[in-house]
Amino acid sequence: MEVLTRSYATAEEARQKIATVLHAKYESDSRSPKLIDSVQEIYRDNFSPEMKTDWKTHSNNLGHKEFLGYFRCHDGEHKTADGRQGIKANDCSACHVILAQGRGEQLLKLNPQGQSLEHPGGDFGDMKCSECHTGGAP
Ligand code: HEC
Ligand code: HEC
C-alpha cells in the first residue's frame, strides 16, 4: 500500500499523511475511518522513523517466508560431514506434511502422506520464498 511504502520523518507526520491520503481517496466510503485507524496502527507497529528503524532491521528467521530463515542452512548446500545428507529448501516434505489445502470441499481431501503445495502465485521452481515475499508492495 502506497501510504506504507513512503518514508516519513516522524511518526506524527506519518499518522497525519496516512489520514489525509486515505481520507481523500475513500471519503465517500463509510468504512474509511476504520481503514485509517488500521493503517495507522500497522504503520505504528512496524515503523519507527525517529529511530530510523523498521520491521526489517532485525530479521525474523522463524520460518522462511519474508526472510531466509530456515533456508540459511537448509538450502541443499549444507551437508553432513560425509556429504550424503542435506535438506534442500525446495524439499518441503522434509519439514512439512501438508494434510489439506485450499478452501471448502478441497479441505476434505486429506492426505496423511502429505501433498505438494498449490502455491497461489503459481509454481516458483527453486526460488526462495523471500526473493518474492519481501513484505513490500509487489
Ligand atoms: C528446513 C525445514 C523447512 C523446509 C525445507 C521448508 N519449510 Fe516451510 N516452514 C518451516 C518452518 C519451521 C516454518 C515456520 C512454522 C511456524 O512459524 O510455526 C515454516 C513455514 C512455512 C509456511 C507458513 C509461512 C507463513 O509465514 O505464512 C509455509 C506456507 C511453508 N513453510 C511452506 C513451505 C514450502 C512450500 C516449502 C518447500 C518449497 C517449505 N515450506 C520448506 C520449515 C521448513
Ligand atoms: C516467484 C515469486 C514467488 C516465490 C518464489 C514464492 N511466492 Fe508465494 N506468492 C507469490 C505471489 C505473486 C503471491 C500472490 C498470488 C495471488 O494472491 O494471486 C503469493 C502468495 C503466497 C501465499 C498466499 C498469500 C500470502 O501472502 O499469505 C502464501 C502463503 C505464499 N505465497 C507462500 C510462499 C512460500 C512459503 C514460498 C516459498 C516456499 C513462496 N510463497 C514463494 C510469489 C512468490
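Around the iron atom of ligand 1, the six donor atoms subtend angles of 87 to 179°, which makes the arrangement octahedral. Octahedral here means six donors with opposite ones over 155 degrees apart and all others between 65 and 115. This is a predicted model, where local features need pLDDT of at least 70 and side-chain atom pairs count only at pLDDT 80 or more. Residues are numbered from 1 along each chain as its sequence is written, ligands are numbered from 1 in the order in which they are written, and side-chain values use heavy atoms, leaving out hydrogens and water.

**Ligand 1**
- His-64 and His-96 coordinate the iron atom of ligand 1 through their NE2 atoms, at 1.9 Å; donors are N, O and S atoms within 2.8 Å of the metal (3.2 Å for Na, K and Ca).
- Both His-64 and His-96 lie in the loop between β2 and α4, so the pair ties together parts 32 residues apart in sequence.
- His-64 is partly exposed at 23% relative accessibility, and so is His-96, at 43%; the term covers values between buried (under 20%) and exposed (over 50%), using a 1.4 Å probe and protein chains only.

**Ligand 2**
- His-119 and His-133 coordinate this ligand's iron atom, again through NE2, at 1.9 to 2.0 Å.
- His-119 sits in the loop between β2 (53-54) and α4 (129-132), while His-133 is in the segment after α4, 14 residues apart; helices (H or I, at least four residues) and strands (E, at least two) are DSSP runs, numbered from the N terminus.
- The six donor atoms around the iron atom of ligand 2 make an octahedral arrangement, because their angles run from 86 to 179°.
- His-119 is partly exposed at 26%, and His-133 is partly exposed at 31%.

Conventions
Tetrahedral: all angles 85-135°; square planar, octahedral: opposite > 155°, others 65-115°.
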